[in-house]
Amino acid sequence: MIRRLLLSIVVIAVVAPVLTGDAAPPVLVARGVTLAGIPVGGMTYEQAQAAVAPAFAQPLRLAYGERSWNVKARRFGGSVAIADGVDRALGAKPASSVELVPGVDEPAVRAYVNVLAKRFAVPAKNAELTGLAGLTPAFSNGQTGVEVQRRLASERIVKALESSRRPRVRVPVRAIAPEVTLANFGPVIVIRRGANELRLYDGKRLVRTLGVATGRSVYPTPTGHFSIADMQLNPWWRPPNSDWAKGLKPIPPGPGNPLGTRWMGLTAPGVGIHGTPDDASIGYSASHGCIRMHISDAEWLFQHVQVGTQVIITDA
């Protein structure tokens, strides 16, 4: 009986440490380790996951001017293998930096940037001829436009999505200068019907004043704002659809052609600026509505204008 009792005590003494001893200590991330820039040293697997997950769950923050807004990261993919990152952190040496980069759907980012580009685009506005101030052309000012820098915006968004810090992304834009300004507006023609005078301006600067013939009272030269629509070197004259031209035949280029050697047709139907062999008519209301010039003057003017040059005809 005593021997059996002693044997039982020995068995209990051997087994007891196994049954009542402390559990194995948890595996911890080495001291000084960071995961995606977030300190996780000394943490358990679960603690490290809990520390990292919220960072990548943050929305993307964007700003433009005084406006700011958030966009959910999952709109751009934004998937991140946190468990894999923690596993690598657990195996990392002390003071290691372990990377954790989310997957980003770059086509989705570019599509979103295209939406922003349409929303924030402000077209540049060219300077425009608005009329006359006296006899001098008057203009509206050109306005600078705004354009989103799409490639740079996409790069910034991708970089922010890949970062655990989620830095705010300011939408990058650049100024778009108008193509036409007061400094480069170019030629403007002002025709004074009452004075039978043509003035060529470069913007607001008067370049040259030339004598012309304008329409008779029964065939007046129209007043208004027009532009040059057609330019012909050594043009044919073809009878217009008008009573005064019935029975007349086309005249080829050469001496005696009613249009001289240059034709600058206006957006006013049937009206143009041209040379004339009838020098004596210059300074008078003598045409059928067109603006006649000395042939040499018409040749000079032809070299200083182009299709699209604006023309104002006034009674002044």
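1. A friendly place to start is the hairpin of E18 and E19, which has five residues between its strands. Within this hairpin, Gly 270 takes a positive phi near 75 degrees. Please keep in mind as you look around that this is a predicted model. The two strands run antiparallel, with three bridges joining E18 to E19. You can find one of the facing pairs by eye: Trp 263 stands opposite His 274 in E19.

2. Now stay with E18 and look to its other partner. E17 and E18 pair in the antiparallel sense, over five bridges. Here Gln 232 stands opposite Trp 263 in E18. How many of the residues of E18 are buried? The count is five of its five residues, so the strand is mostly covered, buried being under 20% relative accessible area.

3. In E18, Arg 262, Met 264 and Leu 266 point one way. Trp 263 and Gly 265 point the other way, and all of these residues are buried.

4. Eight strands form an open sheet with mixed pairing, and their order is E15-E14-E13-E22-E17-E18-E19-E21. Which strands stand at the edges? They are E15 (205–211) and E21 (291–294); each has a single partner strand, so one side of each is left without a neighbour in the sheet. On average, neighbouring strands of this sheet are turned by 30 degrees against each other, direction ignored.

5. A helix packs on this sheet too. Helix H6, residues 295–304, touches E13, E14, E15, E17 (224–233), E18 (262–266), E19 (272–276) and E21. The direction of H6 makes about 105 degrees with that of E21.

6. Let us look at one pair of strands in the sheet. E13 (residues 187–192) and E14 (residues 197–202) pair in the antiparallel sense over six bridges. Across this pairing, Ile 191 stands opposite Leu 198 in E14. In the loop between E13 and E14 you will find Asn 196. Phi of Asn 196 is near 50 degrees, a positive value in a residue other than glycine. That is worth a second look, because most residues other than glycine have a negative phi. Asn 196 is also buried, with a relative accessible area of 8%.

7. Glu 197 lies in strand E14. Is Glu 197 buried or exposed? With a relative accessible area of 16%, Glu 197 is buried, because buried means under 20%. Leaving aside residues up to four places away in sequence, Glu 197 touches Val 190, Ile 191, Arg 192, Thr 209, Leu 210 and Val 212.

8. Arg 166 has a positive phi of about 45 degrees although it is not a glycine. At 1% relative accessibility, Arg 166 counts as buried.

9. Two helices give you a chance to look at packing. Helix H4 (residues 106–120) and helix H5 (residues 150–162) have axes that come within 9 Å and cross at roughly 130 degrees. That makes H4 oblique to H5. The crossing of the two is right-handed. From H4, the residues in the contact are Glu 106, Val 109, Arg 110, Tyr 112, Val 113, Asn 114 and Ala 117. In H5 they meet Arg 150, Ala 153, Ser 154, Ile 157, Val 158 and Leu 161. By type, the residues of this contact divide into eight nonpolar, two polar and three charged.

10. Another hairpin is formed by E8 and E9, with two residues between them. Gly 134 in the turn has a positive phi of about 75 degrees. Five bridges join E8 (residues 128–133) to E9 (residues 136–140), and these strands run antiparallel. Leu 132 stands opposite Pro 137 in E9.

11. Finally, do look at the sheet of three strands. This open sheet has the order E2-E1-E6 and mixed pairing. E2 (38–39) and E6 (97–98) stand at the edges with a single partner strand each, so one side of each is left without a neighbour in the sheet. E1 (residues 34–35) and E2 run antiparallel and are joined by two bridges. The bridge partner of Thr 34 in E2 is Pro 39.

How values were computed:
Residues are numbered from 1 along each chain as its sequence is written. This is a predicted model: local features need pLDDT of at least 70, side-chain atom pairs count only at pLDDT 80 or more; totals for chains, interfaces and linings use all residues. Side-chain values use heavy atoms; hydrogens and water are left out. Axes are lines fitted to C-alpha atoms, for helices over the stretch in contact, and angles run from 0 to 180 degrees between N-to-C directions. Helices (H or I, at least four residues) and strands (E, at least two) are DSSP runs, numbered from the N terminus. Angles under 35 degrees count as roughly parallel, over 145 as roughly antiparallel, 65 to 115 as roughly perpendicular and the rest as oblique. A crossing is left-handed if the near helix is turned anticlockwise from the far one by less than a right angle, and right-handed if clockwise. Contact means heavy atoms within 4.5 Å. Ala, Val, Leu, Ile, Met, Phe, Trp, Tyr, Cys and Pro count as nonpolar, Asp, Glu, Lys and Arg as charged, and the others, Gly among them, as polar. Two strands pair if DSSP finds at least two bridges between them. Buried means under 20% relative accessible area, exposed over 50%, partly exposed in between (1.4 Å probe, protein chains only).
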